[in-house]
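Let's take a walk through this fold, one piece at a time. Have the model open as you read.

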Amino acid sequence: MPDSSSATAVLGDNALLAASPLPFQAPPFDRISDRDYQPAIEEGMRQHLAEVRAIADNPEPPTFANTFEALERSGALVNRAVTVFFAMASAHTNPTIQAAEEALAPKLAEHSDAIHLDPKLFARVKAIYDQRDSLGLTEEQKTLVEHKYDAFVRAGALLSEADQAELRKLNSEESSLTTAFGNKLLAATNAGGVLVTDKARLDGLDEGTIAAAAEAAKAAGKEGWLLVLQNTTQQPVLGSLKDRSLREEVLAASMNRAAKGDANDTRATIQRLAELRARKAQLLGYGNYAAYSIADQMAGTPEVALKLLTDTVPAATARARAELARIQSVVDQQGGGFTAGAADWDFYAEQVRKAEYDLDESQIKPYFELDRVLEDGVFFAANQLYGITLKERTDLPVYHPDVRVFDVFDEDGTQLALFYLDPFKRDSKQGGAWMGNFVEQDGLTGAIPVIYNVENFTKPAPGQPALLSFDDVTTLFHEFGHALHGIFSKTTYPSVAGTNVPRDFVEFPSQFNEHWALDPKVFANYAKHHQTGEPMPEELVEKIVRARTFNQGYATTEYLSAALLDLAWHTLPAGDAKKDVDAFEKEALARYKVDLAAVPPRYRTNYFSHIWGGGYAAGYYAYFGAEVLDHDAFQWFRENGGLTRENGKIFREKILSIGHSRDLAKAYREFRGKEPSVEPLLEFRGLK
C-alpha cells in the first residue's frame, strides 16, 4: 500500500478522494475513471487504518463515544470508494474493473482482518461490551455494542496468534476466489447464449423477443438471433419455443455454463471455496461453515434452517409430481411420443395454464409496460401506503444511459433519498436483480440514503415498448421493497442502518412488497394496455389471481433444491469438504429427496452466484424464512383493512425504519402481536 506522498502522486485528480459535490453525495460518475477505483480504495484503507490506530492507541479509558462512535465515523473515503466500485463491478463491469477487483479482493480482506484482529482495539471494544448493562446506553447503542463485539469475535479476535495468522490467509484466499468465481461466471454466461441462424426455429416467440434476440446477436458481432442466458436454470424463452430440440439446447446451455472444462469453469474454484470455508469455521470453533454463518442470523442454527426446508419437501414434491403428470397428459394427447423433461416443463405448463385458467402470457404482457408499472404501480403503492412521492430528475450523471434517477420526498415534502434504477440486461452486468446503497443513511452526519435497484429485464429493440411478464412485475416490486427498507431507515449509526440486518430478515420487506402488485387498487392503476390505455379486462385479472397457485409445486421444489444444495455444501466438516462438484450435487439432491429430473434446482452448483460470490453462503434458505414473515405480515394487513396510510405508517415505524437498531424478533412480535405463523405461506403456495 503506498505511503501518503506516493499516494498523492498516484491519485492525481481522482474524483473519489473528496466527498461528492453533487446533491446528497451522489456519485460524480461523469468524473470517475475506471482507473480511479483501486488507488482511491488503497488510499482509503491507509487512512482508515490510521484512524483505527488512533482509536486503539487513545490513552483515555474506553467509552462508547471514543471507541464505538469513533469507529462508526471512521473510514469515510474507503467506504465511499468501495460502495461505488462494487456497484460497478456488479452492474457495469469491464476488464479494468475486473482486474482492480481481483487485485483489491485480498487487500480488502487483509484490511478487515487488520482491524478485527487488533488486540488493543478489541480490548477497548470488550471493555465496553462487558459493561454495556451499566453504562446508560440507549437501546440502539447497546445493540450496536453487541453487534460490533460479535463481529470481532466472529472475525477471530479470541484466537491465538497462530490461528489468527492462518485465518488471515484463508480470508485473503476466499476473497480472491469469490471474485474469480464472479468473473468466470459472467464470462461463461455471456459466452453461453444459443445462436439461432434459422428464424423458423424461433416459432412461438413474440416479435419483441425475436427483435431483442436479433439485437443481441448484432451486439455480439454475429449473424442471426442470440438467445442470451438469464441467471436462473430455467430460461424465459422455454415457455414459448415450439422447437423441442432448441428448448433442450437452451436448457443444456444454461445448466452446463461454467462447467465445460474451459477457462470459465468454476468447479475447481468451488471445491477450494468449500474446503477453506469449512477450515475457517473449524478454526472459529464451529462444526461446519453453516453453523458459523447462521449463528448470527434469526434461524440461529443450520438445523432450524434445514427443518424449515425439509418439512416442506414432501408437500412440494408431491405437488410437482402431480403437475408433471398433468403436463405429460398434454404431451400424450398431442401425440408427442416422449416423456416430458425439464426442457419441456415451461412450454407445456403454459399450455396447461391456458387450458385450466385460460391465461396466455402473450395476452398479459401488453398491459405491463415498464414505465407504467414503475410509476403507476410500484411508486403508486408506496405513495398510498407511506405517503412518499418520486420525481425523476435528469441533472445527475449516471454510469450507463439506461439508468434513471428519482428524488424521493416524504409526505411533508422533506427529501428522504435519491433512487437510481438500472432495468435492462447487458453483457457488463451480472445476472439477477438486487438493491444497494451508494450512500448509507447516517444519523451522525445527517446523510440521507442514495439507493439503487438493478434488474435484468430484456431490453426492447429501438422504438419498441419494454413489456414485462408478471414475474418481471413482481421483481420490480420486490427490489423496490429493499429500496424502501433503505429509504425509510432512521437510525443514528450507519452500521445498523437500512438493510444491514440478518439475511433471513433482509428479504422480508422486499418479499412483502410483492403483495401490492396484485392489490386491486394498485393493479387497476398500472395494468393498462400500452397502446390503448384500456385497463386489463376483469376476466383476465381474475385469471391472474386464480393462477397464483399454479405451478407452485415446481416453483417451490426448484427453490428448495437450491437452498438444500447450499446447506449441503456448507455443512461439510473440515477435512471432508473437497468434493467432486457434479457427484456431490447429485448425492445431495437425492439425500434430501428433491432429485426430480424434470425439476432441476433453480441454480446448479456451478452457477450458484448467491453462495459462491454473492454473500449468501449457507444463507439461501433465508428467502423462505423471510417468506414466512412476509405472508404473516400481509395477513395482518388483511385483518386490519389492507392498503391504508395508517397501516403503512405502523409498518414503516415498527419494521422498515429500525434497521438493526434493536432485536428484530422482538420488533416483529410487537408489530404482529404474536409469533409469526407459517400457515399463510403454505396457503398462498397452495401447499395446504
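Here is a look at one helix and then at a sheet. This is a predicted model, with local features needing pLDDT of at least 70 and side-chain atom pairs pLDDT 80 or more, while totals for chains, interfaces and linings use all residues. Residues are numbered from 1 along each chain as its sequence is written, and side-chain values use heavy atoms, leaving out hydrogens and water.

Start with helix 9 (residues 207–219); helices here are DSSP runs of H or I with at least four residues, strands are E runs of at least two, and both are numbered from the N terminus. Ile 210, Ala 212, Ala 213, Ala 216 and Ala 217 are buried in helix 9, where buried means under 20% relative accessible area, exposed over 50% and partly exposed in between (1.4 Å probe, protein chains only). Down the axis of helix 9, those buried residues sit within an arc of 160°, so they line one face; the arc is taken from the directions from the helix axis to the C-beta atoms. On the other side, Glu 207, Lys 218 and Ala 219 are exposed.

Strand 5 (residues 415–424) and strand 7 (residues 450–457) pair in the parallel sense over 6 bridges, and Asp 422 has Val 454 in strand 7 as its bridge partner.

Methods:
Pairing = 2+ DSSP bridges. Expected span 1.5 Å × (residues − 1).
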